[in-house]
Amino acid sequence: MPKKIITFGEIMLRLAPPGFLRFSQTNSFDVIYGGGESNVAVSLANFNLPVSFVSRLPNNDIGDCALMELRKRGVDTSQIIRGGQRLGIYFLETGAVSRGSKVVYDRAHSSMSEIQPGMVDWDIVFQNADWFHWTGITPAISQSAADVCLEALKVARSKHLTISTDLNYRAKLWKYDGDRESIMRELTSYCDIILGNEEDAHMHFGIKPQDIDITTEGEKVKAESFVSVCQQMMDEFPRAKMVITTLRGSLSASHNTWAGILYDGKKTYATKEYQITHIVDRVGGGDSFMAGLIYGLITFNDDYQKALDFAVAASCLKHTIKGDANQVTVPEVEKLMGGDASGRVVR
């Protein structure tokens, strides 16, 4: 059994109109709790790995509900601190066919956005842990959240934990006066494993793929076009052992292609391309990929191809799950990896 995996970030209240209704049509909202790093934690718990989520939640009924959601999924919440006034909220309008999904954030002055250095005892958090995961969403919330993320990374590095990140650029965040590129460059410099797509690399570090326009890639996305991004990222962050990207081709909001590549500085690994022809919920797709990759790298040792294949299959299945977090098991992922995508009833 591996030591504990630690994820750090904000869990939010998700409010979404039922089905495919628009905001202007709905009289009610479905309630779900989720967030990038908490989604990774839930997936890892489903894969029977020991995982702890670190955050700051308000000491009220809504904070209690978020805590309960994590606990019932098997995530350790003992290092979550309580305080602040409110849980962050995001509203999701689910798109279909040629109409894209839409997100509206309401997370200003959330408990997590007002977290301060010194509130979390990272020495205690990292006891009996060997992996730390964060995402680019956390430093985008506020300067103090970025400061706490750096605080955590320094302690994690001193304790020789494996450190992973999902760069997760969000255009609607980064509203404070911090220098995004310098903040992300410093935080990412601590990482062993970097996940990011072409937009993340371009917006955070000015790195662009060769021979492709990232704004008009359209239906087909070729892995070869992004190898240069991985190579440039490895040059930029020499501590990194590997750079990974997901390859999403959007034929419509309901039909995507999905694949991934991994570059370890010497060799490029690529997966087959999945056709996701009926998307139930694409939110959390990258988080489910990251969780699958962490599971694969821990479980399959140096078999990077198998780890990458597991990550893509797990994330492919996430697109069939309503909600932010992946709710699939290892056998279900392995079944898809083996080529069984029939969806037949299991009796």
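**Close-up 1. Strands β12 and β13 run antiparallel, joined by 8 bridges.** This is a predicted model, where local features need pLDDT of at least 70 and side-chain atom pairs count only at pLDDT 80 or more, while totals for chains, interfaces and linings use all residues. Residues are numbered from 1 along each chain as its sequence is written, and side-chain values use heavy atoms, with hydrogens and water left out. β12 covers residues 242–250, and β13 covers residues 256–263. Strands here are DSSP runs of E with at least two residues, helices are runs of H or I with at least four, and both are numbered from the N terminus. Two strands count as paired if DSSP finds at least two bridges between them. A hairpin takes the chain from β12 to β13 through 5 residues. Look for Ser250: its bridge partner in β13 is Asn256.

**Close-up 2. β13 also pairs with β14 and with β15.** With β14 (residues 268–270), β13 runs antiparallel over 3 bridges, and Ile261 has Ala270 as its bridge partner there. These two strands form a hairpin with 4 residues between them, and Gly265 in the turn shows a positive phi of about 95°. With β15 (residues 274–276), the pairing is again antiparallel, with 3 bridges. Thr257 sits opposite Gln275 in β15.

**Close-up 3. Both faces of β13 are covered.** In a regular strand, side chains alternate between the two faces of the sheet. On one side of β13 you'll find Asn256, Trp258, Gly260 and Leu262, and on the other Thr257, Ala259, Ile261 and Tyr263, all of them buried. Buried means under 20% relative accessible area, exposed means over 50%, and partly exposed is in between (1.4 Å probe, protein chains only). Since 8 of the 8 residues of β13 are buried, the strand is largely enclosed by the rest of the structure.

**Close-up 4. Ile244 belongs to the largest nonpolar core.** Nonpolar side chains tend to be buried together in soluble globular proteins. A nonpolar core here is a set of buried Ala, Val, Leu, Ile, Met, Phe, Trp, Tyr and Cys residues joined through side-chain atoms within 4.5 Å. Leaving out residues up to four places away in sequence, Ile244 touches a list of residues including Ile261, Leu262, Phe289, Leu293 and Leu308; contact means heavy atoms within 4.5 Å. A second, separate core of 52 residues includes Phe126, Ala129, Ala156 and Leu173.

**Close-up 5. Four strands line up as β3-β2-β7-β8 in an open sheet.** The pairing in this sheet is mixed. β3 (30–34) and β8 (102–106) stand at the edges with a single partner strand each, so one side of each has no neighbour in the sheet. Ignoring direction, neighbouring strands are turned by 25° against each other on average. β2 (residues 12–16) and β7 (residues 89–93) pair in the parallel sense over 3 bridges, with Leu13 opposite Ile89 in β7.

**Close-up 6. Helices α6 and α7 pack at an angle of about 115°.** Their axes are 8 Å apart; axes are lines fitted to C-alpha atoms, for helices over the stretch in contact, and angles run from 0 to 180 degrees between N-to-C directions. From α6 (residues 180–188), Arg180, Glu181, Met184, Arg185 and Thr188 meet Met203, His204 and Phe205 in α7. The residues of this contact divide into 3 nonpolar, 2 polar and 3 charged. Ala, Val, Leu, Ile, Met, Phe, Trp, Tyr, Cys and Pro count as nonpolar, Asp, Glu, Lys and Arg as charged, and the others, Gly among them, as polar.

**Close-up 7. Val97 and Trp174 have a positive phi without being glycine.** Val97 has a phi of about 55° and lies in the loop between β7 and β8. At a relative accessible area of 54%, Val97 is exposed. Trp174, with a phi near 55°, is in the loop between β10 (162–166) and α6. Trp174 is buried, at 11%.
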